[in-house]
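Me: I would like a close look at a single part of this protein. Please take me through the salt bridges and the helices around them.

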Amino acid sequence: MSDWYEQVRRTASLLGGRTPYARRMAEKALRDREGTKDAFFSLYRSYLSPFLAWPDPGWGTELSNLERAVLVALHHDGWTEQETAYLCGRSRRAVRRAGEKGLRALGTDGTALAGTLRAMTEDLPAVAEREPGRNRTGCGVLIVCFIAFVLMVAYCSALDASLGQHAGRAPFVALAFSELNPLRGPMQATIRYTYRVDAPVTGLTDGSYWVVITESEQRLLVEDATPSDLEISPNGRRLAYHSRSKREVVVYDLPSGRISTMSKADASDYELYFSPDGRRLAFASENKLYVWDGRRRRVPGFGPESTLNGWLTGGRALLIDDSESVRAVDLNGTVLFSTEDSDHVGPLPDGKTWIDVGSDENRFTRYGRRTGRRSMRLPTTARLEKVKCWTSADTFVISTYGYGPSHYYRIVIETGEAEPLPALVPEDMKEVRFPGCV
């Protein structure tokens with residue numbers, strides 16, 4: 001058992017109560033991060049994910065999820081403000097404000113809250129161990145597993161063949177051991193996906209780097225990008241990231257090799273989103289919202305409690321989450337519409353549709369336009385792991401575990417059809433980006 005198991009489980013119990021779901025999420029975070037301290041990153045990000053609904057933890061009912069996460073990180077886990085900002089995917093200022101607001105709502109201070117939180121986890125019951133005894137079903141299980149494996153290989157081979165016929169060619173993936181070249185100069189390449197490689201010691205350091213995979217199977221190294229974010233334009237020809245050396249946002253245009261820079265500031269303050277046509281980049285910095293299309297201009301109406309959620313379909317407006325509602329504002333700051341926000345409901349890229357994805361089954365519920373439930377048409381051997389992002393108003397990308405032609409699929413909301421996105425990603429690399437993700 002991991003040395004971090006008990007600490008991660010205690011944190012999960014404060015976020016989701018003493019529930020089987022909270023325990024499963026703690027165990028999943030540890031599996032994702034190979035039992036290391038980085039499991040806290042996966043745990044906090046899943047708790048704050050708009051696509052996952054955690055149970056009521058039984059304390060702090062007046063708190064938002066962000067406020068509760070910040071208070072637990074600061075006053076129970078002992079993270080610094082900067083580390084908490086990274087764990088929660090927010091700026092330091094947003095973390096500071098959420099912590100102060102949470103303490104006011106609880107009517108206490110940090111020292112008293114720390115004692116209360118420790119007391120809440122001191123008597124956390126131990127996980128029941130399997131009772132010792134002889135396993136009498138070993139041979140039977142091995143036989144069943146062997147038969148299932150043979151059937152699975154046959155199924156996946158047939159599925160791969162059918163997918164290849166449908167697409168005109170079989171899906172391919174870049175070889176993990178192929179040459180890794182630096183991202184440099186102009187190149188006629190289209191990006192298929194990218195993934196982050198964390199530093200060996202901890203993901204909370206700046207030793208990470210990104211690997212870009214092109215349609216022609218090139219593997220490109222983006223060593224200057226910080227681990228906080230890297231975005232790909234919908235056409236796969238541009239990258240936006242936080243430069244480690246320049247300490248500013250960088251847009252790299254692959255066809256020309258041109259590098260455009262803007263806005264010096266702390267990288268943790270940024271949220272990067274390409275417009276649907278890929279020509280503009282929206283980002284937030286120091287509680288201000290900007291759009292860059294060769295020159296930077298500010299969009300009014302963005303405050304300390306605001307979070308940028310991407311673009312409205314067509315690129316005519318931006319989606320801003322104010323913790324209590326979601327607003328669509330045009331580039332002049334005019335509010336086009338607003339709607340109530342829920343922690344378990346995704347963003348609204350078309351202004352009309354919400355989705356709620358079941359964490360234990362391959363189904364999702366669509367709200368708003370033509371409300372209803374749909375099954376995701378995944379291979380029978382694949383199970384939903386998490387929602388990665390939206391790629392349009394009508395599609396979103398999920399990751400899966402199990403077997404199939406890919407671990408990533410683009411889901412069509414209207415039909416539930418699942419298009420595999422072939423990606424060969426090292427087992428412990430969970431931060432993956434696809435073109436157009438918001």
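**Salt bridges and their helices**

Reply: Lys 28 and Glu 385 are both buried. Buried means under 20% relative accessible area, exposed means over 50%, and partly exposed lies in between (1.4 Å probe, protein chains only). This is a predicted model, in which local features need pLDDT of at least 70, side-chain atom pairs count only at pLDDT 80 or more, and totals for chains, interfaces and linings use all residues. Residues are numbered from 1 along each chain as its sequence is written, and side-chain values use heavy atoms, with hydrogens and water left out.

Lys 28 and Glu 385 form a salt bridge, with their closest N and O atoms 3.8 Å apart. Lys 28 sits in helix H2 and Glu 385 in strand S20 (residues 382–390), so this pair ties together parts that are 357 residues apart in sequence. A salt bridge here is a side-chain nitrogen of Lys or Arg within 4 Å of a carboxyl oxygen of Asp or Glu. Helices (H or I, at least four residues) and strands (E, at least two) are DSSP runs, numbered from the N terminus.

Lys 28 also forms a salt bridge with Asp 32. There, the closest N and O atoms are 3.0 Å apart. Both residues lie in helix H2 (residues 20–32). They are four residues apart, about one turn of the helix. Lys 28 and Asp 32 are both buried.

Now to helix H5 (residues 81–88). Its buried residues are Thr 84, Ala 85, Tyr 86, Leu 87 and Cys 88. They pack against helices H3 (39–47), H4 (65–77) and H6 (92–106), and against strands S2 (191–197) and S5 (225–232). Contact means heavy atoms within 4.5 Å. Just after H5, Gly 89 takes a positive phi of about 70°.

Glu 81 pairs with Arg 92, their closest N and O atoms being 3.6 Å apart. Glu 81 is in H5 and Arg 92 in H6, so the pair ties together parts that are eleven residues apart in sequence. Arg 92 counts as partly exposed because its relative accessibility is 34%. Back at Lys 28, salt bridges that share partners join Lys 28, Asp 32 and Glu 385 into one network.

Next comes helix H4, where Asn 65 lies. Asn 65 counts as buried because its relative accessibility is 16%. Its side chain and that of Tyr 47 are joined by a polar contact of 3.3 Å. A polar contact is a pair of N or O atoms within 3.5 Å; within protein, one must be able to donate a hydrogen and the other to accept it, and residues adjacent in sequence count only if both atoms are side-chain atoms.

Across the whole structure, a search finds 15 salt bridges.
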